[in-house]
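I opened my notebook to record what I looked up in this structure. Here are the entries, in the order I made them.

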Amino acid sequence: MILSFLAIVGLALVTSSFVIINPGQAGVLSILGKAQDGALLEGLHLKPPLVSTVDVYDVTVQKFEVPAQSSTKDLQDLSGRFAINFRLDPTEVVNIRRTQGTLENLVSKIVAPQTQESFKIAAARRTVEEAITQRSELKQDFDDALTSRLAKYGILVLDTSVVDLTFSTEFAKAVEDKQIAEQRARRAVYIAQEAEQEAQAEVNRAKGRAEAQRLIAETLKAQGGQLVLQKEAIEAWKAGGSLVPQVLVIGDGQGSSVPFIYNLNAPAAGANPG
């Protein structure tokens, strides 16, 4: 019985003298409650039995969504929500254990406040309209600020993404009003240009008609002008493009005699209506 007890105690001492750290983990050895320098990386490690403990940290990629609020350069309210991908620096887990304790404390006390401060830095460099049109630059400024701030705490930022950006109700209304005003202005410019083009076209048409009339007048004034008109009338009647006139005016065209007017539709004098 004594030998069995001693064997069990010896086995317990032996097994408690070793710790295995798996890939994606890092350990912190504490002896009598005091954290020892030097992180335990993956593999097999010795430790004092009974008086020591090992806290194991996950050093794989972590993802958290963190909200943030700020004011832009033109004093507009801007809210955002960011997805932060990070992991713990395995060589810094001892400091993390001493200063923050658990991963949950690290996120609530370090990651979230530093995200807020980094967003304030990025948003304060531009107006709210620039935050919309320069979204990639806004994210880059945020990434740079957050990376440098979290590195001091043993946190390695791998990537961030802007999940959402929200603006104040007043700004959203102002943007809508501005878009409507711009659309109306563009419409007014288009209408003015169209009217100007139509007026220019009318001027050109008037000039064309005046020039045509001038040429016709010159032609008619020239010797043989009346013959030209007669020839065009005869050709038009032959082609069927004009109706035969119902009233003929006959005169010498010089005003020396009273013209003779004859209605083709009127019956001849003395003709039998039947």
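**Ground rules.** I take helices (H or I, at least four residues) and strands (E, at least two) as DSSP runs, numbered from the N terminus. This is a predicted model: local features need pLDDT of at least 70, side-chain atom pairs count only at pLDDT 80 or more, and totals for chains, interfaces and linings use all residues. Residues are numbered from 1 along each chain as its sequence is written, and side-chain values use heavy atoms, with hydrogens and water left out.

**Whole chain.** I looked up the elements and found 7 helices and 10 strands in the protein chain. Buried means under 20% relative accessible area, exposed means over 50%, and partly exposed is in between (1.4 Å probe, protein chains only). By that rule, 23% of the 274 residues count as buried. I call it a contact when heavy atoms lie within 4.5 Å. Among contacts between residues at least 6 apart in sequence, 63% join residues at least 24 apart.

**Surface patch.** Which residues form a nonpolar patch on the surface? I noted Phe18, Ile20, Leu44 and Leu46, with about 440 Å² of accessible area together. Such areas come from the Shrake-Rupley method with a 1.4 Å probe, and for residues only the protein chains shown count as cover. Patch members have over 30% relative accessible area and no salt bridge; like charges are joined within 9 Å, nonpolar side chains (Val, Leu, Ile, Met, Phe, Trp, Tyr) within 5 Å. A salt bridge is a side-chain nitrogen of Lys or Arg within 4 Å of a carboxyl oxygen of Asp or Glu. Strand 1 (18-21) and strand 4 (43-46) are the elements that give two or more residues to the patch. Phe18 lies in strand 1. Its relative accessible area is 36%, so Phe18 is partly exposed.

**Core.** In soluble globular proteins, nonpolar side chains tend to be buried together. I counted as a nonpolar core a set of buried Ala, Val, Leu, Ile, Met, Phe, Trp, Tyr and Cys residues joined through side-chain atoms within 4.5 Å. The largest one has 32 residues, and Phe86, Leu88 and Ile155 touch the most other members. Elements that each supply at least two residues include strand 7 (77-88), helix 3 (103-123) and strand 8 (155-167). Helix 3 gives the largest share, 8 residues. I then checked Phe86: leaving aside neighbours within four places in sequence, its contacts include Phe64, Val107, Val111 and Ile155.

**Two leucines in loops.** Most residues other than glycine have a negative phi. Leu50 has a positive one, near 70 degrees. Leu50 is found in the loop between strand 4 and strand 5 (52-58). Leu75 also has a positive phi, near 65 degrees, and lies in the loop between strand 6 and strand 7. Is Leu75 buried or exposed? Its relative accessible area is 71%, so Leu75 is exposed.

**Thr72.** Thr72 lies in the loop between strand 6 and strand 7. Why does Thr72 count as buried? It does so because its relative accessibility is 3%. Not counting residues up to four places away in sequence, Thr72 touches Leu78, Ala123, Arg126, Thr127 and Val128.

**Ser70.** Ser70 counts as buried, at 11% relative accessibility. Ser70 and Gly80 are 10 residues apart in sequence and 8.5 Å apart in space, C-alpha to C-alpha.
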